[in-house]
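Student: I would like to go through the labels attached to this model one at a time, setting each against the criterion behind it. Could we start once the structure is in view?

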Number of protein chains: 2
Amino acid sequence: MTEVTQTVPSSQHSPDGVAPRHVVIVGAGFAGLACARGLAGHPEIAVTLVDKNPYQLFSPLLYQVSTGGLPEDDIAYPVRAAVEGITFRRGVVVAIDPEHRTVGMDDGSPLPFDDLVLAVGSTGTSFGVPGVEEHALQMKSIREAREIRRRLLQAYEDVESGHISPDLLGVVVVGGGPTGVELAGAIAELQKGLRREYPGSTQRASVTLIEAAPRVLSSFTEPSSTHAKEELEEIGVVVRVGEAVDRIDPHAVHLKSGETLPAGTVIWAAGVSGFDRWAELGKHDRLNRLEVDRFLRLGDGIWVAGDSASFPAGSGTLPMIAPVAMQMGKHIARQILAISRGSAPTPFTYKDKGQMATIGRRRAVVELPNGFRMHGTPAWLTWLALHVFYLAGGRNRISVVADWMWNYLAWGIGPRRTVLD
Amino acid sequence: MTEVTQTVPSSQHSPDGVAPRHVVIVGAGFAGLACARGLAGHPEIAVTLVDKNPYQLFSPLLYQVSTGGLPEDDIAYPVRAAVEGITFRRGVVVAIDPEHRTVGMDDGSPLPFDDLVLAVGSTGTSFGVPGVEEHALQMKSIREAREIRRRLLQAYEDVESGHISPDLLGVVVVGGGPTGVELAGAIAELQKGLRREYPGSTQRASVTLIEAAPRVLSSFTEPSSTHAKEELEEIGVVVRVGEAVDRIDPHAVHLKSGETLPAGTVIWAAGVSGFDRWAELGKHDRLNRLEVDRFLRLGDGIWVAGDSASFPAGSGTLPMIAPVAMQMGKHIARQILAISRGSAPTPFTYKDKGQMATIGRRRAVVELPNGFRMHGTPAWLTWLALHVFYLAGGRNRISVVADWMWNYLAWGIGPRRTVLD
């Protein structure tokens, strides 16, 4: 195992000269970072965290970057500043060899490991609907959020200068889960805010939310779904439930019912799945998530956390959300520490803390596992406080709060973000 | 002149049915916007403001975007929200025909005018030094500032992953005017802030400021230049005065003295000039600026403002700075109004309000025309207050102040912006 010790920076060697256990964490999202934080500062463990980006993305607020509410930097926090006492390696994992216990990297120099934590997140999935890849935008990265914002704002510029038809100010969001609901609400408010600046071209601006299930937010209780739908409609979103998308053209969404909705911007928020690439590592579910044992393991010393893991819960599996990812990452850190001390691992249990979705300014729905429900302003304030609390980094928190304060105070008067060159 | 009235939106028609005088302003910078604001709300005037970008760029703070102090959006303000009661047309002016009184646009539909205000700003100039265009970065747009930031941060990533030599953490800024001084100071502080995150690769990080004249800030008095040099050196900038650049290679700056400075990033801030394209409209100076009469006219109803105008002052001409541009734009607006009322125009006089440059956190030099000088913290506070005052838009002001407060409070602890994908 000399190779392992070579990859461990001298600052991470344990004082008694014994080579520390080397843990490679793949992915610096909610799961990977929670795991890295749990392991940092323990001299018997050396951690290498790998990600293709040098920042953690606070993805629950991506929709605000997409709609001009927040600048990109506010939701991207440097990984190196987020966890101390570990090694961060920027790069792409191209292979995983459980037998020889190495991770292959895109720069050709493999990373040996004692423990591997796979926390690579998820990707948007088209469910095979024609046109999604070609004509719809997804929202999983800063780059994609930037593109959504650019498209939304550019459409106004292009209509104003007569280059495109005003019909193309129509926006269709496919998928009535929390992401689709939050995005549709924020787009409706962005469109409202742009009326002053583009008085000639805004009559045709619209946003339609399409959900195949009979109600939006189908993981919530029915009263919350009803509130969400009503509040969306109040701020101008056209909500279409029980409608499935047949195919997407460059400028239109065709429904299975035969109806066609013209749209300059189509955003696909209808679901995510694990990455094909890693599905072959073990048994996986229909969403490409790896089926783990009750300790979150795929095999000895191979752990899976977050959206990559398929973990049974009730009649199904745990949802692909940040709280699950954080709890899994933390749990794995504890198990690795326990095992390194000769203790037995304990099974993972998810502590459900409830769920929430925000709908534009001052509206949200919140549900706690004890059946307690909130909506409207109190729910929105809860949403706000929790999101600020979980944002990494003081600078980001201050910037986000300042931007939100301004958004709140100057709604409809304050300028929206502009199309940058 | 029926064509003119066709281009004027009905909301801008004067109530007595007489076609309003149509003023086309080319360029939505400090000069163009000041002129547009001066003309807006007068029923006898219809204004069309043209720019290729839909925002006003607050260029005095571009260096902060380049060095991660501010997000891009904070210094770009939507033109349509900045001035009401005028028509904004997004596009590029491709021709100006003073005889037929039309402006040719890139979309093929010309704009007729009664008065034309040319306020197109300036561009970086290489002064013929080989390698500037190919290997140096300039800082005149959001796009260029973004690229500087990306290069500065990416160098750390590349050194950390072993892809490039640590020598390439060296940064050279060419030009010791306010822009070069402010940029070099901010880069030194960015490098200091990154030490914690990249402990292995920061020993070689450096920033060198090169100025051909015997002192930096040569438009200031000698004591201010001395203060600026001392303060730059205190925060770690290597200041080289009396050194001219011979040529720039991909990874080095060669001085006329024969010395070679290795550099991963070279930023050219050695000067700006007017655009070649419009120099043919009249007599121009060696910086391609159009020589205007004492009313800021090139000819009857053709006005020039800001960096595009060469206006005599003392033994030379007025400098290419924002206060000059704003005063010129305002003056032209007043003259157009006066002429439309049958009055005679009055000559332009520049009211010198002094000059200032900031040097990193809490350091600046300020000079007033009466000989009063400040440096250090009082000068910095003055700089800060004035820049916030002149920033367009409440949202931008609040965001900038919040970011600056945080930068100030958490210097050296707070994370810097990260490389985004």
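Student: Why is A:P345 called partly exposed?

Tutor: Bear in mind throughout that this is a predicted model. A residue is buried at 20 or more other C-beta atoms within 10 Å and exposed at 12 or fewer; A:P345 has 18 C-beta neighbours inside 10 Å, so A:P345 counts as partly exposed. The residue sits in the loop between helix 10 (322–340) and strand 25 of chain A, and, leaving aside residues up to four places away in sequence, A:P345 touches A:F295, A:Q335, A:A338 and A:I339.

Student: What makes A:L296 buried rather than exposed?

Tutor: The threshold for burial is 20 or more other C-beta atoms within 10 Å, and because A:L296 has 24 of them within that distance, A:L296 is buried. The residue lies in the loop between strand 19 (290–291) and strand 20 (297–299) of chain A, and its phi is near 75°, a positive value in a residue other than glycine. As background, most residues other than glycine have a negative phi.

Student: What are the corresponding values for B:L296?

Tutor: Phi of B:L296 is near 75°, again positive in a residue that is not glycine, and B:L296 counts as buried because it has 24 C-beta neighbours inside 10 Å. Its place is in the loop between strand 19 (290–291) and strand 20 (297–299) of chain B.

Student: How do you know that the span of helix 11 of chain A is close to what is expected?

Tutor: The expected span is 1.5 Å times one less than the number of residues. Helix 11 (residues 376–390) of chain A has 15 residues, for which 21 Å is expected, and the distance from its first C-alpha to its last is 21 Å, so the two values are close.

Student: Which residues of helix 11 of chain A are buried, and what puts them on the same side?

Tutor: The buried residues are A:A379, A:W380 and A:W383. They cover an arc of only 100° around the axis, and therefore they lie on the same side of helix 11 of chain A. On the other side of the helix, A:T377, A:P378, A:A385 and A:F389 are exposed, while the cover over the buried residues includes strand 25 (355–358), strand 26 (364–367) and strand 27 (373–375) of chain A.

Student: Why are the buried residues of helix 11 of chain B said to line one face?

Tutor: In that helix B:A379, B:W380 and B:W383 are buried, and because the buried residues fall within an arc of 100° when seen down the axis, they line one face of helix 11 of chain B. The face turned away from them carries the exposed residues B:T377, B:P378, B:A385 and B:F389, and the buried residues pack against strand 25 (355–358), strand 26 (364–367) and strand 27 (373–375) of chain B.

How values were computed: Residues are numbered from 1 along each chain as its sequence is written. Chains are lettered from A and ligands numbered from 1 in the order in which they are written. This is a predicted model: local features need pLDDT of at least 70, side-chain atom pairs count only at pLDDT 80 or more; totals for chains, interfaces and linings use all residues. Helices (H or I, at least four residues) and strands (E, at least two) are DSSP runs, numbered from the N terminus. The arc is that of the directions from the helix axis to the C-beta atoms. Two residues are in contact if their C-beta atoms, placed from the backbone, lie within 7 Å.
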